[in-house]
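Subject: Handover of a structure and summary of findings

Dear colleague,

Please find the structure below, together with its sequence.

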Amino acid sequence: MKYMALMALLGLLVALFVGYTEASFCPCNPRKSEVCGSNGVTYRNRCEFECSQREYKKLGRILNIRKQGPCFQVKWK
């Protein structure tokens with residue numbers, strides 16, 4: 001009986017781990033064309049932004065592009 005419970009727990013943990021890694025995988029081209037998200041984060045390119053946007057949707061939140069380019073630009077005097 002303990003063996004069956006241990007195997008069921010192990011199977012559940014493996015299923016959760018596999019589901020998490022698949023949901024988080026988002027291959028993007030490393031090409032740089034920065035975009036600024038409505039969350040104030042500068043994303044390296046639109047693909048990385050869209051990966052984050054999918055994660056936000058899963059949480060019931062909205063993420064939009066605020067502008068093309070970085071969110072904050074440091075101006076030196």
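**Disulfides and their surroundings**

A disulfide joins C28 to C47, with an S to S distance of 2.1 Å. Please note that this is a predicted model, and every value in this message is computed from it.

The torsion about the S-S bond of C28 and C47 is -80°, and the link is left-handed. The pair connects distant parts of the chain: C28 belongs to the loop between α1 and β1, whereas C47 lies in helix α2, and the two are 19 residues apart. C28 is partly exposed, at 26% relative accessibility. C47 is likewise classed as partly exposed, with a relative accessible area of 24%.

By the distance rule applied here, the chain has three disulfides. The remaining pairs are described in turn.

C26 and C51 form a disulfide in which the sulfur atoms are 1.5 Å apart. This pair also links distant parts of the chain, since C26 sits in the loop between α1 (2-24) and β1 (35-37) and C51 in helix α2, 25 residues apart. The disulfide of C26 and C51 is left-handed because the torsion about its S-S bond is about -65°. C26 has a relative accessibility of 24% and therefore counts as partly exposed. C51, at 13% relative accessibility, counts as buried because the limit for that class is under 20%.

C36 and C71 form a disulfide with their sulfur atoms 2.1 Å apart.

With the bonded cysteines counted along the chain, the disulfides follow the pattern 1-5, 2-4, 3-6.

**The position of N45**

Where is N45 placed in the chain? N45 lies in the loop between β2 (42-43) and α2 (46-58). Its relative accessible area is 5%, so N45 is buried. The side chain of N45 reaches the backbone nitrogen of C47 at 3.2 Å, and C47 is the residue that a disulfide joins to C28. C28 itself is in contact with N45.

**The chain as a whole**

The chain has two helices and three strands. Read from the N terminus, these elements run α-β-β-α-β. Of the 77 residues in the chain, 14% are buried; N45 is one of the buried residues.

Among contacts between residues at least 6 apart in sequence, 47% join residues at least 24 apart. The chain exposes about 6,600 Å², of which carbon and sulfur atoms supply 63%.

Yours sincerely

How values were computed
Residues are numbered from 1 along each chain as its sequence is written. This is a predicted model: local features need pLDDT of at least 70, side-chain atom pairs count only at pLDDT 80 or more; totals for chains, interfaces and linings use all residues. Side-chain values use heavy atoms; hydrogens and water are left out. Helices (H or I, at least four residues) and strands (E, at least two) are DSSP runs, numbered from the N terminus. Buried means under 20% relative accessible area, exposed over 50%, partly exposed in between (1.4 Å probe, protein chains only). A polar contact is a pair of N or O atoms within 3.5 Å; within protein, one must be able to donate a hydrogen and the other to accept it, and residues adjacent in sequence count only if both atoms are side-chain atoms. Contact means heavy atoms within 4.5 Å. Accessible areas come from the Shrake-Rupley method with a 1.4 Å probe; for residues, only the protein chains shown count as cover. A disulfide is a pair of cysteine sulfur atoms within 2.5 Å. Lists of a residue's contacts leave out its neighbours within four places in sequence.
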